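Here is a short tour of one protein model, written for someone just starting out. Have a look at the picture first, then read on.

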Amino acid sequence: MVKAVALGALLVLGGLTAAGCGFTPLYASSGVTPALSAITIAAPQGRTAYLVRESLEDALLQNSDVPAKYRLGFTLKEQRFARGLRSDNVANRYELHVDVNYTLTEIATGKTVRQAGQSAVVTYDSADQPYAGIAAQSDGERRAAEQVAQRIRIDLASFFASQKKP
């Protein structure tokens with residue numbers, strides 16, 4: 001009990017010290033969250049692009065009550081490579097590469113404020129049963145989409161944090 005109280009006091013003291021020297025959490029209300037939630041997403045056609053858009057909407061905490069200030073458009077390139085072969089020369093493992101190039105545009109001015117790219121590589125097994133193979137491929141696409149979306153969110157958060165004036 002004494003250790004828990006001491007640890008709590010140490011954490012509070014550490015938090016006050018950090019706040020006193022100008023530390024602001026990245027996702028605090030005065031941080032980048034309002035800018036990230038004011039981004040609308042324009043995605044190309046396709047299952048993986050749809051999954052990336054859905055993951056981005058979740059990651060950016062889109063607020064439909066606030067008009068969008070930015071538009072995020074992206075292109076997506078997918079490549080699958082057979083990585084494991086059985087003795088009968090049939091692939092039993094695949095590697096999925098997903099590359100996303102994106103552009104963040106300020107809606108009011110039409111000015112491009114950020115262009116970058118992110119990628120993800122995932123692997124999945126190919127099963128002998130057709131449904132299991134389709135499920136594995138779908139799961140690989142979902143995992144790659146989530147990874148790319150999180151990397152884009154981190155890049156955009158860093159961008160908006162660096163734009164803050166002291």
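Tyr-124 is buried: its relative accessible area is 6%, and buried means under 20%. Keep in mind that you're looking at a predicted model.

How are the rings of Tyr-94 and Tyr-124 arranged? A pair of aromatic rings is described by the distance of the centres and the angle of the planes. For Tyr-94 and Tyr-124, the centres are 5.8 Å apart and the planes sit at 20 degrees, so this pair is stacked; the cut-off for stacked is planes under 30 degrees apart. The two partners come from distant parts of the chain, 30 residues apart: Tyr-94 belongs to strand β3 (residues 91–106) and Tyr-124 to strand β4 (residues 112–125).

The structure has three aromatic pairs. There's also an aromatic cluster, made up of Tyr-70, Phe-159 and Phe-160.

Val-32 sits in the loop between α1 (2–20) and α2 (33–37). With a relative accessible area of 1%, Val-32 counts as buried.

Thr-40 and Glu-57 are 17 residues apart along the chain, and 8.2 Å separates their C-alpha atoms.

Here's how the residues we've met compare for accessibility:

| Residue | Relative accessible area | Class |
|---|---|---|
| Val-32 | 1% | buried |
| Thr-40 | 30% | partly exposed |
| Thr-105 | 11% | buried |
| Tyr-124 | 6% | buried |

Now for the helices. How do α3 and α4 cross? The axes of α3 (residues 47–59) and α4 (residues 130–163) come within 8 Å and cross at roughly 45 degrees. That angle makes α3 oblique to α4, and the crossing is right-handed.

Which residues do the touching? On the α3 side you'll find Arg-47, Thr-48, Leu-51, Val-52, Ser-55, Leu-56 and Ala-59. On the α4 side they meet Ser-138, Glu-141, Arg-142, Ala-145, Glu-146, Ala-149, Gln-150, Ile-152 and Arg-153. Sort the residues of this contact by type and you get seven nonpolar, four polar and five charged.

Finally, let's zoom out. The protein has four helices and four strands. Reading from the N terminus, the elements run α-α-β-α-β-β-β-α. Of the 166 residues, 28% count as buried.

Conventions
Residues are numbered from 1 along each chain as its sequence is written. This is a predicted model: local features need pLDDT of at least 70, side-chain atom pairs count only at pLDDT 80 or more; totals for chains, interfaces and linings use all residues. Side-chain values use heavy atoms; hydrogens and water are left out. Axes are lines fitted to C-alpha atoms, for helices over the stretch in contact, and angles run from 0 to 180 degrees between N-to-C directions. Helices (H or I, at least four residues) and strands (E, at least two) are DSSP runs, numbered from the N terminus. Angles under 35 degrees count as roughly parallel, over 145 as roughly antiparallel, 65 to 115 as roughly perpendicular and the rest as oblique. A crossing is left-handed if the near helix is turned anticlockwise from the far one by less than a right angle, and right-handed if clockwise. Contact means heavy atoms within 4.5 Å. Ala, Val, Leu, Ile, Met, Phe, Trp, Tyr, Cys and Pro count as nonpolar, Asp, Glu, Lys and Arg as charged, and the others, Gly among them, as polar. Rings of Phe, Tyr and Trp (its six-membered ring) pair if their centres lie within 6.5 Å; planes under 30 degrees apart count as stacked, over 60 as edge-to-face and the rest as tilted. Buried means under 20% relative accessible area, exposed over 50%, partly exposed in between (1.4 Å probe, protein chains only).
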